[in-house]
Amino acid sequence: MTHPYRRVLLKLSGEAFGGGKVGVDPDVVASVAKQIAEVVATGVQVAIVVGGGNFFRGAELQQRGMERDRADYMGMLGTVMNCLALQDFCEKAGVQTRVQTAIAMGQVAEPYIPRRAERHLEKGRVVIFGAGSGMPYFSTDTVAAQRALEIGAEVLLMGKQGTDGVYDSDPAHNPDAVKFDDLTYDEYLARDLKVADATAISMARDYSLPMIFFSLDDDGNIGRAVAGEKIGTTVHN
Ligand code: UDP
């Protein structure tokens, strides 16, 4: 079987790791790791950016009285716990991994070194990027676009929890919300849609990086997206 992609960047939302709760649900992470192992076995190179919404979101802590930048650092540290959980279950599934973080923490991860990340990928290792960009006021979606561009991934696969693509309004609040199969970056931005933040979308647009939004709730969806099956919503030029 031929695959459309040689190297992919998979963004996993933090919410998926918690299975809807605060913290990490090991069963969910094991299932995601199994899907990643299946993809790696086909020879596709997989790099991952992990979110942290299952622990902290800076914006939410700010609303409750914290300084935004410190709250954002808490958000970034949360992503690292998800990385370690994912690393553990990937290794149990027989996949070699390296975690690289944008905030130095030598005891648990390598620092973010893009060229080294590419070497790992060439050797069939999965590289898991944690701690976001290391900078407050960014999202892990934006980091996913940046890392995808820097390591030369051909597509950005946006694995989400609780939604199976991009809708014209929030399906949680509007039962008549309509899902897009395809959407241009400009249309996404003009409609001010919120599945990923505008910074991530505009970066992908400016460098022509296709994004596919899909649900992590269905087992096997990561493999389907990597195989080029039409699932979720594709955002492109
Ligand atoms: N964050 C940040 N800079 C980054 C990436 C993330 O400050 O480069 C913080 C921000 O507070 C964010 C939190 O980390 O709310 C968790 O990341 P995100 O909300 O993107 O996670 P996801 O929604 O994908 O689970």
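A: Let's start at Gly 53, which lies in the loop between strand S2 (45–50) and helix H3 (58–63); helices (H or I, at least four residues) and strands (E, at least two) are DSSP runs, numbered from the N terminus. This is a predicted model, where local features need pLDDT of at least 70 and side-chain atom pairs count only at pLDDT 80 or more, while totals for chains, interfaces and linings use all residues. Residues are numbered from 1 along each chain as its sequence is written.

Gly 53 has 21 C-beta neighbours inside 10 Å, so it counts as buried. The cut-offs are 20 or more other C-beta atoms within 10 Å for buried, 12 or fewer for exposed, and anything in between for partly exposed, with C-beta atoms placed from the backbone. Beyond residues up to four places away in sequence, Gly 53 touches Ser 13, Gly 14 and Glu 15; a contact means C-beta atoms, placed from the backbone, within 7 Å.

Gly 53 is one of the positions that an unreviewed UniProt entry lists as "binding site", together with Lys 11, Leu 12, Ser 13, Gly 14, Arg 57, Gln 161, Tyr 167 and Asp 170. These positions are spread over 160 residues of sequence and also in space, with up to 22.7 Å between C-alpha atoms. UniProt positions are given here in the numbering used for this model, feature names are shortened, and annotations may be inferred rather than shown by experiment.

Leaving aside neighbours within four places in sequence, Lys 11 is in contact with Val 49, Thr 140, Asp 141, Ala 144, Leu 156, Leu 157, Met 158 and Gly 159.

Apart from neighbours within four places in sequence, its contacts are Lys 11, Val 49, Gly 51, Gly 52, Thr 79 and Gly 132. Tyr 137, by contrast, lies in the loop between strand S5 (126–130) and H6 and is exposed, with 12 other C-beta atoms within 10 Å.

The loop between S5 and H6 also holds Ala 131. Ala 131 has a positive phi of about 65 degrees although it is not a glycine. Most residues other than glycine have a negative phi. Ala 131 counts as buried, with 28 C-beta neighbours inside 10 Å.

Now for the ligand itself: 21 residues surround it, and the closest are Gly 14, Gly 51, Gly 58, Gly 75 and Gly 132. By type, the shell divides into 5 nonpolar, 12 polar and 4 charged residues. Here Ala, Val, Leu, Ile, Met, Phe, Trp, Tyr, Cys and Pro count as nonpolar, Asp, Glu, Lys and Arg as charged, and the others, Gly among them, as polar.

Stepping back, the protein chain has 9 helices and 9 strands. Buried residues make up 47% of its 237 residues. Of the contacts with a separation of 6 or more, 72% join residues 24 or more positions apart. The unreviewed UniProt entry marks residues 7–214 as "domain: Aspartate/glutamate/uridylate kinase". Over residues 7–214 the chain is 42% helix and 18% strand, and the end C-alpha atoms are 18 Å apart.

Definitions and conventions. Near = placed C-beta within 6 Å. Contact = placed C-beta atoms within 7 Å.
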